[in-house]
Amino acid sequence: EIEIRITSITIGNESSRNIIKHSLALGVDDAIVLCHSEFEESDSYGVAYSLANAIQTLGDVDLVLTGRQAADFDSGVVGVGIAELLNIPSITFAKKIDVVDDILSVTRVLVDGLEKLEVSLPALVTVAHEIGNVRKASLRETMRAAKKPVLTWGPSDIGIKSSEIGKCATRRS
């Protein structure tokens, strides 16, 4: 039998811990917050680099789901940046996602319609409101999630040096 584990990772300050707890209430197995002053003032590349390193720290990952855009200056590049750094294919603007065996099938939203693409796993998919509404967690699930641990990782936990991220970033690889 195949074991499926879902890990939620975010980068931010301590208040991110409360936000990521919601993902635990929705059934996520593990939650990680990348939280350290060295992450502050990271540009889109620094955020993608940090998240990609965190994903690599987890080990073998089949599917990475990201939001379409967030605090990356509304540019929508962090998700595809993660894919580039992990050297895996990415599909953006997902409306529907299916996985059969090791094949990922995604219906994505275009300006003038829909497009269906297939790629082999591992892969990354960016999603937004087109995928549908998030279900509401029950009170029981929320209470259970409150007791689950949220790991906090700093740069050294994911193999990053201070000079590679945040306001101290000096070079891009």
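**Questions about a predicted model**

Visitor: How far from the backbone oxygen of Phe39 does a polar atom of the side chain of Ser42 lie?
Guide: A polar contact is a pair of N or O atoms within 3.5 Å; within protein, one must be able to donate a hydrogen and the other to accept it, and residues adjacent in sequence count only if both atoms are side-chain atoms. For the Ser42 side chain and the Phe39 backbone oxygen, the distance is 2.8 Å.

Visitor: At what pLDDT do side-chain atom pairs count?
Guide: Residues are numbered from 1 along each chain as its sequence is written, and side-chain values use heavy atoms, leaving out hydrogens and water. This is a predicted model: local features need pLDDT of at least 70, totals for chains, interfaces and linings use all residues, and side-chain atom pairs count only at pLDDT 80 or more.

Visitor: Which backbone nitrogen lies 2.9 Å from a polar atom of the Ser42 side chain?
Guide: Ser42 sits in the loop between strand 2 (30-34) and helix 2 (44-58); helices (H or I, at least four residues) and strands (E, at least two) are DSSP runs numbered from the N terminus. Contact means heavy atoms within 4.5 Å. Beyond four places in sequence, Ser42 contacts Val47, Ile165 and Gly166. The backbone nitrogen at 2.9 Å belongs to Gly166.

Visitor: Is Ser42 buried or exposed?
Guide: Buried means under 20% relative accessible area, exposed over 50%, partly exposed in between (1.4 Å probe, protein chains only). Ser42 has 14% relative accessibility, so this residue counts as buried.

Visitor: Which elements do the buried residues of helix 1 pack against?
Guide: Helix 1 spans residues 16-25, and its buried residues are Ser16, Ile20, Ser23, Leu24 and Ala25. Just after helix 1, Gly27 takes a positive phi of about 115 degrees. The buried residues of helix 1 pack against strand 1 (7-11), strand 2, helix 4 (139-147) and strand 8 (150-153).

Visitor: How are helix 2 and helix 3 oriented to each other?
Guide: Axes are lines fitted to C-alpha atoms, for helices over the stretch in contact, with angles from 0 to 180 degrees between N-to-C directions. The axes of helix 2 and helix 3 come within 8 Å and cross at roughly 50 degrees. Under 35 degrees counts as roughly parallel, over 145 as roughly antiparallel, 65 to 115 as roughly perpendicular and the rest as oblique. The two helices are therefore oblique.

Visitor: Which residues of helix 3 make the contact with helix 2?
Guide: From helix 2, the contact involves Ser44, Tyr45, Val47, Ala48, Tyr49, Leu51, Ala52, Ile55 and Gln56. From helix 3 come Val78, Gly81, Ile82, Leu85 and Leu86.

Visitor: Which backbone nitrogen lies 3.1 Å from a polar atom of the Thr126 side chain?
Guide: Thr126 lies in strand 7 (residues 123-127). Thr126 has a relative accessible area of 3%, so it is buried. Its contacts beyond four places in sequence include Thr66, Gly79 and Ile91. The nitrogen at 3.1 Å is that of Phe93.

Visitor: What is phi of Phe93?
Guide: Phe93 is in strand 4. At 31% relative accessibility, Phe93 counts as partly exposed. Its phi is positive although the residue is other than glycine: near 55 degrees.

Visitor: What is phi of Asn87?
Guide: Asn87 lies in the loop between helix 3 and strand 4 (90-100). At 70% relative accessibility, Asn87 counts as exposed. Asn87 is not a glycine, yet its phi is positive, about 60 degrees.

Visitor: What is omega of the peptide bond joining Leu121 and Pro122?
Guide: Pro122 lies in the loop between strand 6 (113-120) and strand 7. The bond from Leu121 to Pro122 is cis, with omega of about 5 degrees.
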